[in-house]
Amino acid sequence: MEVRGRGPRGEAPWKKLSKEELENQYSPSRWVIRRGAEETLRMYSRIGEDATKNARATRRSLLHVPYGDGEGEKLDIYFPEEVSEASPFCLFFHGGFWQSGSKDTSAFMVNPLTARGVAVVIVAYDLAPKAPALRAGTLDQMVDQVTRSIAFVQKQYPCNEGIYLCGHSAGAHLAAMMLLAKWTKHGVTPNLKGFFLVSGIYDLEPVVYTTQNAPLLMTLEGAQQNSPQLLLEAALMQPSDPACHVLVTVGQHDSPEFQRQSREFYQTLCRGGWNASFEEIRDADHFEIIWNLTQQDSMLTQMILRTILREH
């Protein structure tokens, strides 16, 4: 099924889908092509677990560092061989539809990036089933946690050579919300140099009408308040740093809705004057696109490294 992009005032194509079609579009495991859904999810978990075990065994690290008072407000920092507070830092936010996933199984990019002198931070945030009072504030809480984790890294390493944010799926949504962050109340402005948004969801409205919303209990208002696509369309905010690069990527075998969301978000960024680029990762599905970050020579790994190292 082909899903085309729309202009800023066009009707969203997802509104023309039946309930069953919409559910299918927002179920990423239904679009894998090389193995069954259950096998893909098991392999995704295993690769993440193995990558994290390997990173913790072979890299200098600080694990379970609290960036706040909450039980889930922890992060892991992995350093390159030559530890320096002036290193570039790449923060990763895992996916899982805001209701699953863990920093303890998400160190996909650690070894390839630290091998090239980039410190990597894997950030945990509270997941929907565990969040108190499941309502619109749940996503507000996650966005606030991600904001505070970035401020924490900036304060701990003020001499960094740039902070880069990478998020996958729901994590890409959380990273994208940082384009709209108000840093004043956090007492620091992070040295943000780039965003790597991987197979993300930027308009949360369609999710409200799927079973993915059962644990989230998102209202339509809550979805709109936490949709970077809608917020940027309304504000068309000028970037505070025009040189900050936003790379929007999606898998060739992601669902048409995920592909549409990525293309439309990229178009919105361009209209707002952001330094944005778009890339469809060839022959990759929603899960392969991120587990391939364990490989130094993968297309996305190389794009991330080129962006970071070009600055230095």
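**Helix α5**

I began with helix α5 in this predicted model, and I found that Ala 170, Gly 171, Ala 172, His 173, Leu 174, Ala 175, Ala 176 and Met 177 are buried there, where buried stands for under 20% relative accessible area, exposed for over 50% and partly exposed for what lies in between, with a 1.4 Å probe and protein chains only. The helix runs over residues 170–177 and is mostly covered, since 8 of its 8 residues are buried. Helices here are DSSP runs of H or I with at least four residues, strands are runs of E with at least two, and both are numbered from the N terminus.

I then looked up His 173, which is found in α5 and has a relative accessible area of 0%. What does His 173 touch, leaving aside its neighbours within four places in sequence? I noted contacts with Trp 98, Leu 139, Ile 201, Leu 204, Asn 226 and Pro 228, a contact being heavy atoms within 4.5 Å.

**Ground rules**

I number residues from 1 along each chain as its sequence is written, and side-chain values use heavy atoms, with hydrogens and water left out. Because the model is predicted, local features need pLDDT of at least 70 and side-chain atom pairs count only at pLDDT 80 or more, while totals for chains, interfaces and linings use all residues.

**Helices α8 and α9**

Pro 228 came up again when I turned to helix α8 (residues 228–235), as it is one of the residues that α8 brings to its contact with α9. The axes of α8 and of helix α9 (residues 256–271) come within 10 Å and cross at roughly 25°; axes are lines fitted to C-alpha atoms, for helices over the stretch in contact, and angles run from 0 to 180 degrees between N-to-C directions. I therefore wrote down α8 as roughly parallel to α9, a label for angles under 35 degrees, with over 145 counting as roughly antiparallel, 65 to 115 as roughly perpendicular and the rest as oblique.

On the α8 side the contact is made by Pro 228, Gln 229, Leu 232 and Glu 233, and on the α9 side by Glu 264, Phe 265, Thr 268, Leu 269 and Arg 271.

**Asn 111**

I next found Asn 111 in helix α3 (residues 110–114), where it counts as buried at 19% relative accessibility. Beyond its neighbours within four places in sequence, Asn 111 is in contact with Asn 54, Ala 55, Thr 58 and Arg 59.

His 64 is partly exposed, with a relative accessible area of 40%. Leu 217, also not a glycine, has a positive phi of about 50°; Leu 217 lies in the loop between α6 (205–208) and α7 (220–225) and is partly exposed at 46%.

**The chain as a whole**

Last, I looked at the protein chain, whose secondary structure comes to 11 helices and 8 strands. Buried residues make up 57% of its 312 residues, and its C-alpha trace spans about 55 × 45 × 40 Å along the principal axes. Of the contacts with a separation of 6 or more, 77% are between residues 24 or more positions apart.
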